[in-house]
Amino acid sequence: MKIIHYCQHVLGMGHFFRSLEISRALENEQVIFVAGGTRPEQELPDHVEYFQLPGLCMNENFGGLMPTDEGRLLDEVKEERIEKIKVIFEQEKPDVFLIELFPFGRKAFRFELLPILDSIKAGLYGDVKIICSLRDILVEKDDGGKHEKRCVETLNKYFDLLLIHSDPQIAKLDETFQSLNNISIPYSYTGFAARKPRNNVRSKVRKQLGIDSDEKLLVASAGGGKVGNSLLKAVFDSFTELGPEKTKLLILTGPFLDQNKYDALKTDSLSYSNITVEKFAPDFTDLLTGADAMISMAGYNTCMDILTTNIPSAVLPFAQNREQRMRAEKLAEHTSLKVLNDNDLSTSRMKNIINELLTCERSSSDHNINLEGATESARAIRMVGTK
């Protein structure tokens, strides 16, 4: 079976990594991963072919799209993307078109998605099943229900299946999407799509990082890096003032942090032998298995990584919308996850948080949250694609 998997991240990397886990689970199938954001440094499985569209991302004020390549015009990039997607379908004629988030989000990308959906429904590429891959919690819309109405109409007109990557005991879609009952196509909850660490990897990771058996490792992460610099700075300042014995700090800024801010943090870290600043860790779940505590932004994938590794953690949700805080607070009801607020970024409070995390033991209890979303999604995609 051949699958074209469309994923467009515009702010963080969560959409990319969740989609990648689903593509990874589609082993023995041919997956063409069509992406339109900056590609993270991540190795892909052999059965996944990566296709990079001309890049688009959100502008600095999150008010619209802009090309990722300087000097390019937005309309020029849009036209090129439309043509490239058309050529991919003409050449590949897939069995399944798997679309991440749209039409629940990515309204700005209707310019390229609606034409290809119309062509599929017209039968130009054979019998192609169209599936929506959706996260658990949606960003709020204050438009009197127009967004939900448009979303339902698009789903019912074009799509064959909706996959919701959530455990309904944690988050049901109708909590953030009031028009669920108006959706006429089949939908199912897959469980959370979570990355899994390798077995027995802790000692190997610690050896690679130079962490002695009597030392602890604290990880601070800003996810993609477009937001979160204030959190990293708070951890850095508090850690240096606290000076915990036999403890090292690894700061991961994310690949999208402003280069000047990265350079400043990197330069400051050179004065401390127990602090390392890097942009990205490709095997993040393995890293958390080797670490002893983490302070991070609260994206979907980071929360899943916390659940799969049971690392003592504190997370700061992105404040611009409800999604991250809502998820983190729901998960905190089932785990020992600590959810932070902006006032926790003060040095005095952050020192207490660091101390608390470093004295916590990794939980060995089962939280009973379904983390098999990638496997369940792959099963559902195969069933639809072979009908």
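In which sense do β7 and strand β8 (residues 161–165) pair, and over how many bridges? The two strands pair in the parallel sense, over 5 bridges. The model is a predicted one, in which local features need pLDDT of at least 70 and side-chain atom pairs count only at pLDDT 80 or more, while totals for chains, interfaces and linings use all residues. Residues are numbered from 1 along each chain as its sequence is written, and side-chain values use heavy atoms, with hydrogens and water left out.

**View 1. An open sheet of 7 strands with parallel pairing.** The order of the strands is β3-β2-β1-β6-β7-β8-β9. The edge strands, β3 (48–52) and β9 (187–189), each pair on one side only. Strands (E, at least two residues) and helices (H or I, at least four) are DSSP runs, numbered from the N terminus, and two strands pair if DSSP finds at least two bridges between them. On average, neighbouring strands are turned by 20 degrees against each other, direction ignored.

**View 2. Helix α3 across β1, β6 and β7.** The helix runs at about 155 degrees to β6; axes are lines fitted to C-alpha atoms, for helices over the stretch in contact, and angles run from 0 to 180 degrees between N-to-C directions. The end C-alpha atoms of α3 are 16 Å apart, which agrees with the 16 Å that its 12 residues should span at 1.5 Å a residue; the expected span is 1.5 Å times one less than the number of residues. Buried residues of α3 (under 20% relative accessible area, with exposed over 50% and partly exposed in between, for a 1.4 Å probe and protein chains only) include F111, L113 and I116. The buried residues of α3 pack against β1 (2–7), β4 (56–58), α2, β6 (96–100), β7 and α4 (146–158), where contact means heavy atoms within 4.5 Å. Just after the helix, G123 takes a positive phi of about 80 degrees.

**View 3. Aromatic pairs.** Rings of Phe, Tyr and Trp (its six-membered ring) pair if their centres lie within 6.5 Å; planes under 30 degrees apart count as stacked, over 60 as edge-to-face and the rest as tilted. By this rule there are 10 aromatic pairs. F16 and F33 form an edge-to-face pair, 5.5 Å centre to centre, with 70 degrees between the planes. F16 lies in helix α1 (residues 14–25) and F33 in strand β2 (residues 30–35), so this pair ties together parts 17 residues apart in sequence. F16 is buried, at 0% relative accessibility, and F33 is buried with a relative accessible area of 1%. The ring centres of F89 and Y125 are 5.5 Å apart and their planes are at 45 degrees, so this pair is tilted.

**View 4. Lysines over aromatic rings.** A charge sits over a ring if NZ of Lys or CZ of Arg is within 6 Å of the ring centre and within 35 degrees of the ring normal. K78 lies over the face of F111, at 5.0 Å from the ring centre. K279 lies over the face of Y262, at 5.1 Å from the ring centre.

**View 5. An open sheet of 6 strands with parallel pairing.** Its strand order is β12-β11-β10-β13-β14-β15. Strand β13 (residues 293–297) and strand β14 (residues 313–316) pair over 4 bridges, and M297 stands opposite L316 in β14.
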